[in-house]
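Dear colleague,

I am passing the structure below to you for your records. The findings follow it, and I would be grateful if you read them alongside the coordinates.

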Amino acid sequence: MGFEVIKEKYAGSIKEVVIGKGDKAVKVGGETCLPFYLFEGEMPNKPKIAMEVWDMEPPEWPDAAKEPFKDCLSDPAKWAKKCVDEYGAEIIALQLKSTDPNDKNASAEEAVQTVKKVLEAVDVPIIVWGSGNVDKDAEVLKKVAEECEGANLAIGPIEEKNHKAIGASVIGFNHVGIASSPIDVNLAKQINILLENLGLPLDRVLIDPTTGGLGYGLEYAYSVMERIRLAAMTFGDDKLQLPIVNNLGPEVWKCKEAKQTVDEAPLLGDPERRAILMECVAAICYLVAGSDILILRHPESVRLIRTFIDLLIDGGSATDIAGIEKRLPEVEVDYASLAPEPDLTIEEEKEKKPEVKKEAAPPKVEKKEEKPKEEKPKEEKAPPKVEKPVEAKKEEKVEEKAPPKEEEKPAVAPAAAAAVAIDEAKLASLIKEEVRKALKELGFEKKEEEKKMKEEEKVKAEEEKLKEEEEAKKKEQELIEKLKKEEEALKEKIKKIREEEKEVEVKFPEVPEKPLFRMMMMVDKMHRREKKAA
């Protein structure tokens, strides 16, 4: 059997969004598969590259970034025209950096004039990117959308806090909105829903998931883009089936490594090639994650990434692509002088180390262990051997010289052993005393005493609590008994009162025998009888 490619079927597809007008209008999106998985679906529109243009002269760009545009950095219209005519830019991304309140704080009217000049200079689609300040972007981008009606600009970033102001102007004047969220899938979906509820169709929305530079958050942005694309394709989430735009150029070129010179970082090589390659590597990562529009800065990065896209979609060999064309003078780094000197004494040190260890370590250990083990048995066996030389003296006179030599050895041994034993006892006592002194100096005894005091105080406190509880219980019982006695006394009194109660006859004064008075007295008697009966 032949090899069969297992293909995944996707539940959704990416919506197609149009930017610009006329013949140079650009379509992005429309994919029915994951990025460059052409064996499973189609990518009718290749990912597009936009070249960034600032509305002011960049103050902190490195020489490598300034060199291709050194004759037009102060003129945005001329700069944009050079990007289109010389470097083949398909889209211009106009960065409104001068409107930042923390910088020049240019007005909305000045920004509108700059956008109009760029629109007149080029015929390709334009992305208008604000300063990132929520309140100022709402003011500026709203005015730009109003004054450039019908140009079909891509306007952003639109955030949750200013989506109503910018979104309404994008809807009213027929532009495309760039929905920006801070590296989160749920927040990206939420801003899309808010714009749709406001009345902006999703086929006029681009997703900006927030872009990080190489080594400065790229992995976070990559993972979020991957999850957005999987949710859109595999799970069919229609709120995320939108093209993605990455404002990559500013993020890469503001990194420390892209700005460092040869003197500052000689081991990183040529600064110009280094920065261009950083931008290219980051761009490739975002393309593989699902980017539809990449905003780049350097012309060489644009050329290399464009050829990379063509090779992935159309096929071909990368060997035909020319290398990076330098514009700055060649930089030479003497790596030999920067390299550390070789250490030739490593082998000699390895030979010496084992000899020193084997000779020095064993003798010290053996001396300490042998002395106590050999002397202790001699101390016990020495006294019983003293009786033998006494019998030898009586029997033979010739053998008297040999035994005393044998006797002298054991005679000396017990004395030495006793001395050693005494010394050990003294040493043990001295060590204990020194340990106690050291503990006193360190304050361990005080701590132990404090612990004991605390324990005693705890015990006393517990005893006092128990006593107080017992006394309280006794008082409660006494009060209960008193109350019971009082209740019984009251009950007895009540019984006595009830027994002693007698009906008291009320004698009414004699009233003259007149009919009205007699009637009143009779009524009064009747009422009283009724009360008693009740």
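Strands, such as the one named next, are DSSP runs of E of at least two residues, and they are numbered from the N terminus. Please note that the model is predicted.

Strand S6 covers residues 154–158, and Pro157 lies in it. The peptide bond that joins Gly156 and Pro157 is cis, with omega at about 0 degrees.

A further backbone feature concerns Asn105, which is not a glycine and yet has a positive phi of about 55 degrees. Asn105 belongs to the loop between strand S4 (91–95) and helix H3 (108–121).

Regarding helix packing, H10 (residues 271–289) and H11 (residues 299–314) pack with their axes 9 Å apart, at an angle of about 35 degrees. Their crossing is right-handed. On the H10 side, the contact is made by Ile276, Glu279, Cys280, Ala283, Ile284 and Leu287, while H11 contributes Glu300, Ser301, Leu304, Ile305, Phe308 and Ile309. Of the residues in this contact, nine are nonpolar, one is polar and two are charged.

With kind regards

Note on methods
Residues are numbered from 1 along each chain as its sequence is written. This is a predicted model: local features need pLDDT of at least 70, side-chain atom pairs count only at pLDDT 80 or more; totals for chains, interfaces and linings use all residues. Side-chain values use heavy atoms; hydrogens and water are left out. Axes are lines fitted to C-alpha atoms, for helices over the stretch in contact, and angles run from 0 to 180 degrees between N-to-C directions. Helices (H or I, at least four residues) and strands (E, at least two) are DSSP runs, numbered from the N terminus. A crossing is left-handed if the near helix is turned anticlockwise from the far one by less than a right angle, and right-handed if clockwise. Contact means heavy atoms within 4.5 Å. Ala, Val, Leu, Ile, Met, Phe, Trp, Tyr, Cys and Pro count as nonpolar, Asp, Glu, Lys and Arg as charged, and the others, Gly among them, as polar.
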